[in-house]
Structure formats: structure tokens, C-alpha cells
Amino acid sequence: MHARTAVISLAILVLGVGLFFAGRASVSNAPNSASNSAESTVVNASFSPLSVDFTTLTTGWALGTTPCHKDSVCLSLSKTTNAGRSWTVSPLPQSLLHLADRKVDGTPSIQNDTLDGNGQLSMNVRFANANDGWIYGSLDIPPKVSDEPTGAFEPILWSTHDGGLVWKSQRQSWIYYEGTVLDLEVTADTVYLMAMNKSFNVTVESSPVSRDRWRVSDSRGLYTPAGGGFLSGAIVFSGSRGWLVEGNDRGVSGSAQLSKNGKWVPWTSPCYSVGNSLAVPAAATSNDLFAECHMGGFASPLSKAAPRGATWGSTWLYKSVNAGRTFTAVTELGPQSQYFGPELAVSSSGTILITKSNPQNQNLLASFDTGRHWSVVYSGNVIFFHFINTNEGVVLDERTHGPNRLIMTFDGGHIWLPIPF
């Protein structure tokens, strides 16, 4: 989903796969690799990941929930330094834990919804490197009076610059106080934050990754929908190039690309000419982008620009070979009766991942020939997926009973393996 890439040598890849397959130790017996912190412990086997991010093949972070009080769960952060073979708890500040533990309708805020009202993961973790990271998203707000309805959210943004030893709250006065952080993504030296502002439009801020020095980026033309579902959005980077989209089920409200001088400038979103459906592009390279487009838009007929033979409501794979200046149809993914998520992931080798829903779950599909053929590579209720590099990828599977599962691939998306905590 978040199309982040990393250049990792073949030697590191072989090492990582070796660490994973060479006699995985039981998590309960794994050594504590974070022995410098007196509070660090081996991760509870019932840990349920909500978000996962890897900065190298071997080093990753998982934010989720773990059993704490009687019949309750608490927010928790875990770290691996051996490609998921073992995980240790990385302590979080009490003030953040308190926010996640606040009761809303008798349930801890972090437990109310895996997905927030925007259909996005409610809490996320992102690291730029071994030291600089962020926890962001939203948490339910308890009603101010007993008969007040729930459904409001509080934006959350915390940062660390010492590898998770110290976390600091980053309160942004411009963010709408009952909104959410739509996305946060990083380049080699800059972190970008996108959220709804108090004027009910969308703002992008940026900061150097190594310190908290936020300033507003140029966000002209980023508006919120006039109606429809909740606002959502995403930022995508490949090298020095970046793109963003935001909107809802009625279409794209705003889109922009990162210019050479570091400013966000207006950009035509991938599906604009065929209905303007909200589609998050995925970057194989800084020039090659892919997107899923639904033919037709909200209360609109089939566009004359639709591919030959397309029907209203069908989903098509589109590709750009010029950094998003133009997009052309590649192949039809399915008719109106089949639902494909608005996001996809693509590796630098061209392997494409999408999700396809059925009445029971949301499966992960892969194409290894640029969309001509597709196969189900993982069956489950996939709520998050992305490639870390050409060979390594991660999936989060939300299960009806029991904790969420982390699934990983080390061979470019052919085989997916569960990673126990």
C-alpha cells in the first residue's frame, strides 16, 4: 500500500532469509535483543499488529495491541532485528498509553476499531532509519457528556529520534481537533504529514527526519469532499519523486506531485478522465506508476475516455511510464460486481499486489507479468500490504477471532509465511 522501497544487497537478503528459516526459535524462548532497556520484554504471543514497517530486511517495527488488564488490551510496540525470527517490546510513554486506554462505550479507544472512520488503519508506525520514527493516526474520543454520541476522533502524532528510547508528542495546532492524520511518509531526509485542517481542507507539512521542525508545504487545491464517506488519503514516494491523493468514495478531492524544488504542485490523478475514482498510485520506479481505476464516477455515466469494451463500474489496471504525466489502461481486473481495494503495491521488478473482496474476506492477488495473469497468493482478510524491496513484502491479516497476523514474503510475493510473535 505504502510504496516505499529500499536498496538492499543480495548478501543481506540471503542473510535475512537464513535468519528466518534456520531454525526459528520459539518466541517464548527467544533472547531479549533489547537488553539495554530494563523495560523491554519478549513480546506476548497474543500481540495483535495494527501496523508494521521495515527499514532494512532484518530490522522492523510493529505497532499493535497486547492483553494487559482483565479482558482488555493495551497499545504496544515491538521490534525485530533478525527478519522477524524474534521480537522484543519497545516501551512507549505512559501519556500515549493512557490515550489509547481511554474508555469509549466501555472499551479502550485502541480496541474500538482496527480501522478508523476513514477506512484506514487507526494507528500506524513509520521509521525512516534506525533512529527516526513516528507513531500517527487517530483514536476515538470519549463523549463529553453521557448522552453525546460517539464517532469523533483525535489526531495522534508522536516522534522518536533515538530508536524508540524516547517518544515526544508532536501537537500540530492546525489539524482539525476531531480529525485524523491521513498519512505520513518519508524520503531519505524529509518526513511529510497530511491531515485535515481547521478550515476543513487538507494540509501537508514537512520536517527534516532527524528533528522536529515542521512547516507547511504548498498544499493548494487540496480540498475535502462535499459529501459521501469519510475523507482518506495517501502519499507515495519513489526516490526524489512523490505523489499524493485525497478524497472519498465520491472521487478525488485533491491531488499533487512533489516538484524538484520540494513544493507540492497540482497533478492530475490517475483516474481523472474515466470517473475520477480515488486510486492510490504505486511506484515500481520513479517513472513507472500503477493504479486501479473504476469506470465511471459518482452519479456519472461511463466516460468516453474509458478503454474499449469497458462497462460502467468495472475496475481496470492503469500504468504510467512518464512519472504520472499520463496513464493508459493495461487490462481489466473485474466487472462491477467484483470489488478491488483502491490501493495496490508493486515491487521494483514489476510484481503487482492487489486485494479482491468476497463475502467472507479480502484476499491478496499477485501478478508477475504486469497484470496479464493473476493468482491468489494469500487467503484472508488483508487490511495492509506493501513491498519493502524487490523480494520482501509484508501483509496484515485481520482475523475474526484471535489476534491479527503478520505475513511476510522473502521471494518477491510467490510464497507468504506467517510470522509469530
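View 1. Strand E1, which spans residues 48–54, is mostly covered, since seven of its seven residues are buried, where buried means under 20% relative accessible area, exposed means over 50% and partly exposed lies in between, all with a 1.4 Å probe and protein chains only. Strands (E, at least two residues) and helices (H or I, at least four residues) are DSSP runs, and they are numbered from the N terminus. The model is a predicted one, in which local features need pLDDT of at least 70 and side-chain atom pairs count only at pLDDT 80 or more, while totals for chains, interfaces and linings use all residues. Residues are numbered from 1 along each chain as its sequence is written, and side-chain values use heavy atoms, with hydrogens and water left out. E1 pairs with strand E2 (residues 60–67) in the antiparallel sense over six bridges, and two strands pair if DSSP finds at least two bridges between them. Five residues separate E1 from E2 in the hairpin that the two strands form. Within this pairing, serine 51 stands opposite leucine 63 in E2.

**View 2. The open sheet E27-E28-E29-E30.** Four strands make up an open sheet in the order E27-E28-E29-E30, and their pairing is antiparallel. At the edges are strand E27 (382–387) and strand E30 (417–419), each of which pairs on one side only. From one strand to the next the twist averages 25°, with axes taken as lines fitted to C-alpha atoms (for helices over the stretch in contact) and angles running from 0 to 180 degrees between N-to-C directions. Strand E28 (residues 393–397) and strand E29 (residues 405–409) run antiparallel and are joined by five bridges. In this pair, leucine 396 has leucine 406 of E29 opposite.

**View 3. The surroundings of leucine 96.** Leucine 96 lies in helix H2, and with a relative accessibility of 0% this residue counts as buried. What does leucine 96 touch, leaving aside its neighbours within four places in sequence? Leucine 96 is in contact with Leu75, Met123, Ile135, Ile156 and Trp158, where contact means heavy atoms within 4.5 Å. Leucine 75 is 21 residues away from leucine 96 in sequence, and the C-alpha atoms of the two are 8.5 Å apart in space.

**View 4. Salt bridges.** Side chains of opposite charge can pair when their charged atoms come close. A salt bridge is a side-chain nitrogen of Lys or Arg within 4 Å of a carboxyl oxygen of Asp or Glu, and by this rule the count comes to three. One of them joins the side chains of glutamate 154 and arginine 102, at 2.9 Å from N to O. This pair links distant parts of the chain, 52 residues apart, with glutamate 154 in strand E9 (residues 153–160) and arginine 102 in the loop between helix H2 (94–101) and strand E5 (103–104). Glutamate 154 and arginine 102 are both buried. In another, the side chains of glutamate 185 and arginine 126 meet at 3.1 Å, N to O. Here too the pair links distant parts of the chain, for glutamate 185 is in strand E11 (residues 181–186) and arginine 126 is in strand E7 (residues 123–127), 59 residues apart. Glutamate 185 counts as buried at 1% relative accessibility, and arginine 126 is buried with a relative accessible area of 1%. Lysine 103 and aspartate 101 also meet through their side chains in a salt bridge, at 3.9 Å from N to O. Lysine 103 is partly exposed, with a relative accessible area of 45%, and aspartate 101 is partly exposed as well, with a relative accessible area of 21%.

**View 5. Serine 217 in its loop.** Serine 217 is found in the loop between strand E14 (215–216) and strand E15 (232–238). Is serine 217 buried or exposed? Its relative accessible area is 8%, so serine 217 is buried. The side chain of serine 217 makes a polar contact with the side chain of serine 206 at 3.5 Å; a polar contact is a pair of N or O atoms within 3.5 Å, where within protein one must be able to donate a hydrogen and the other to accept it, and residues adjacent in sequence count only if both atoms are side-chain atoms. Not counting residues up to four places away in sequence, serine 217 touches Tyr192, Val204, Glu205, Ser206 and Trp264.
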